[in-house]
Amino acid sequence: MVHPPVADIPPGSLPSGSVPQVDVPANGLPALAPLPPAVPRQGSVVGSAVTDAVVSGLLTGLLLLPLVGFRATESGSGPLGLTYRFGLVAVFAGIVAVLRLVLNLTVWRRGRKVKTSEGPSAFATLALKAAPALRPAFFSFAIAYPFLAILLSGGLSPSRYWVDLGIYVLTYVMLGWGLNIVVGLAGLLDLGYVAFYAVGAYTFALLSTSVPVNDFFAGHLGEGFWTAWSFWLCLPVSGILAAFWGVILGFPVLRLRGDYLAIVTLAFGEIIRLVLINWVSLTNGGAGISSIPPISFFGVPFNATDEGFAAKYGLDFDSMHRIIFLYFVILALAALTALVTIRLRQMPVGRAWEALREDEIACRSLGINTTLTKLTAFATGAMFGGFAGAFFAVRVRFVSPESFTFMESAVILAIVVLGGMGSQMGVAGAAILLIGGMEMLRNLSFLKADFLFGPDFDPSLYRMLIFGFAMVAVMVWRPRGLVSSRLPTIFLKERKAVSSALVKEGHG
Amino acid sequence: MASLDPVAGARAPILAVDHLSMRFGGLIAVNDVSFVAARGEVTAVIGPNGAGKTTVFNCITGFYKPSAGRLALFHGGAATPDELDAVTASGLSWGRTGAGALYLLERLPDHKVASWARVARTFQNIRLFSGMTVLENLLVAQHMSLTSAGLLNPAALLNLPSWKRQQKGAMDKALYWLDQIGLMERADDPAGDLPYGDQRRLEIARAMCTNPVLLCLDEPAAGLNPRESAALNELLLSIRRDHDTSILLIEHDMSVVMEISDHVVVLEYGCKIADGTPQEVRTDPKVIASYLGVEEDEAAVVEAEVGA
């Protein structure tokens with residue numbers, strides 16, 4: 001049985017349709033016929049790709065001709081005029097044709113070997129190896145960040161933008177970690193997380209601006225006490241009230257699963273927002289609550305007086321001190337969220353959350369009270385949302401229902417899903433990418449250059465479009481999020497990441 | 001109290017099923033079934049497909065609320081008929097008895113059947129936490145004993161020494177069962193990665209980690225090859241021998257049933273048709289008829305043919 005090895009057959013040397021002679025080996029079974037090479041001739045690939053690209057370009061042009069090509073414009077007081085934008089149609093058609101050509105030659109190419117991998121991906125293995133170093137590195141960077149910002153932007157005042165951005169991103173990191181407990185660990189899809197954020201923010205806003213409360217403390221602990229200490233005293237109250245509302249939401253939705261749970265939590269978020277708008281006597285309705293007292297350095301106000309932070313610690317007064325302090329407060333709150341979550345995951349309650357996500361019926365057969373377990377997940381997640389809300393109120397010093405729309409819930413959920421449900425580093429990375437990235441899109445002033453889009457172009461208008469594209473792309477390439485594997489909470493010999501194929505996403 | 005008479009020898013009962021019926025709409029899945037499972041024995045429930053075996057199990061473990069009937073589980077020792085009547089009349093779900101305690105399972109929700117009455121179960125289609133490791137599965141099973149000081153135990157939150165000791169105890173127990181089922185090497189692998197037979201054994205070990213007094217196994221040998229089946233028999237016999245746990249099992253595999261069970265209950269179309277030792281059941285014409293699908297009067301002929 002001598003026939004040339006398959007690799008030696010030059011492409012195309014076997015006439016298609018003819019079956020090559022098959023030797024019968026000694027065991028009597030015919031050897032498998034060497035298949036004709038599956039890769040077609042190079043020329044035809046490029047040719048068909050180009051044809052396909054041209055056809056799709058033409059189709060796009062035809063489709064967009066009426067949609068984009070004509071535009072009705074008002075010309076002063078006269079009748080509507082018609083402007084023609086055939087150039088734009090050509091640009092769109094060209095973009096489609098070129099993209100299609102590129103895809104035809106790369107991703108959609110026939111005979112392209114698709115990489116399939118079993119078990120945790122190389123990315124996950126790398127993340128697992130880097131994980132012990134990644135957390136301290138991330139945390140050290142977070143601590144050093146305001147100082148880096150000051151150094152690199154050359155002074156306290158110019159760094160304001162960057163420190164503000166850091167606060168903004170960390171708020172979402174914290175919210176993502178909070179929601180991660182409910183969605184990622186317990187597997188309960190919560191679309192109304194912003195409600196707890198709102199409860200926290202309004203709790204602090206209402207208590208800190210309340211005259212009776214102020215009078216009460218003024219009578220007992222001196223004038224100005226409440227202004228100075230309101231945040232620090234209201235922070236736990238905000239968390240507890242939000243957790244309480246988490247339980248209130250939890251009770252009716254315990255029997256619901258999947259889509260139904262999502263709808264009810266979504267409705268709950270809207271109810272809270274509508275109550276805030278319509279209960280004018282308490283919340284001042286859509287006008288919101290303003291003049292919330294600013295944060296103090298544990299009772300020492302950030303102002304230019306002799307009692308102020310700067311004077312007390314021998315510094316020159318700068319309004320940036322307060323901002324930098326705010327940064328460290330949110331960093332501490334986010335770190336608290338992360339540490340508590342890590343600790344809870346290693347406790348029976350955290351394992352029960354994950355077990356609940358894996359199989360609720362098996363949980364019940366082991367004696368786990370699933371009602372209580374779900375409620376603790378809702379309450380714990382809501383509590384961190386409440387902390388973040390109180391922080392939001394003291395940072396912005398103004399709250400209104402505008403800040404707590406469904407869009408916020410959607411962004412927080414997107415951060416959790418994009419990061420990889422259950423993974424803390426993934427969620428932090430996703431928050432930085434999404435929130436930081438969206439903010440960076442405001443800064444693409446080079447796009448306003450004449451040779452690109454011209455000075456009228458506003459890149460920030462395209463943020464949501466790019467955000468959408470990015471989400472679609474990530475969900476196509478990494479459907480289970482940036483960090484999709486799960487780290488076991490305990491191990492005997494070796495901590496092995498669990499492949500996302502085995503980890504369930506929860507049933508809602 | 002006919003059902004409390006020791007049917008299977010002199011052993012005290014652990015579970016007394018009294019006139020259990022379960023209807024789904026017009027379908028009567030279980031019709032007035034009574035039997036007693038004795039303490040320290042292996043009781044098998046067998047019957048053709050659709051006989052209502054799994055429904056009986058779901059009633060015992062609280063997943064279904066029976067339409068009628070009483071399911072009494074005894075801790076410590078059997079209750080006297082008077083004690084049983086007193087608790088039944090009281091409307092409570094449990095009561096103390098001279099020998100220990102008694103639970104009326106039909107009045108308890110599923111998770112309390114597991115945590116209070118200490119009845120553990122496995123499932124026909126394995127229900128492991130597939131994304132968690134083998135070790136984690138065994139630790140989740142010890143949830144109730146680990147959370148005796150509350151779900152958010154401060155000692156656990158702060159990782160105090162008292163908690164570490166408690167966790168060490170849980171770990172030792174998990175390792176003991178890992179050793180029993182021979183999966184020590186795979187402790188850190190996800191449960192979903194294990195071969196089928198190992199998953200079956202792991203599910204039994206997980207159920208045993210809840211310290212049950214009664215272990216209910218729903219077709220533990222289904223899909224196992226003869227070697228795995230033999231290993232399972234070994235495991236079940238060691239559970240009965242070394243632990244204070246009685247076993248109730250549903251099984252189709254007659255080698256398992258005949259080899260390890262002390263007492264067999266046969267169901268057909270929701271009714272009990274036979275009850276006794278494996279030897280008695282195997283020669284019961286009704287059982288032979290139901291398993292081989294012939295009329296009762298022809299059973300004797302069939303029996304002679306199969307040499308049973």
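**A sheet in chain B**

Let me start with one pair: V45(B) stands opposite V265(B) in strand 10 of chain B. The model is predicted, so to speak of local features we need pLDDT of at least 70, and side-chain atom pairs count only at pLDDT 80 or more, while totals for chains, interfaces and linings use all residues. Residues are numbered from 1 along each chain as its sequence is written, chains are lettered from A and ligands numbered from 1 in the order in which they are written, and side-chain values use heavy atoms, without hydrogens and water.

Strand 3 (residues 42-46) and strand 10 of chain B run parallel, joined by 4 bridges. Strands here are DSSP runs of E, at least two residues, and helices are runs of H or I, at least four, numbered from the N terminus. Two strands pair if DSSP finds at least two bridges between them.

On to the whole sheet. It is open, has 6 strands in the order 7-8-9-3-10-11 of chain B, and its pairing is mixed. Strand 7 (119-121) and strand 11 of chain B each have a single partner strand, so one side of each lacks a neighbour in the sheet.

Next, the hairpin. Strand 10 (residues 263-268) and strand 11 (residues 271-276) of chain B pair antiparallel over 5 bridges, and V266(B) stands opposite A274(B) in strand 11 of chain B. The two strands of this chain B hairpin have 2 residues between them, and Y269(B) in the turn has a positive phi of about 45°.
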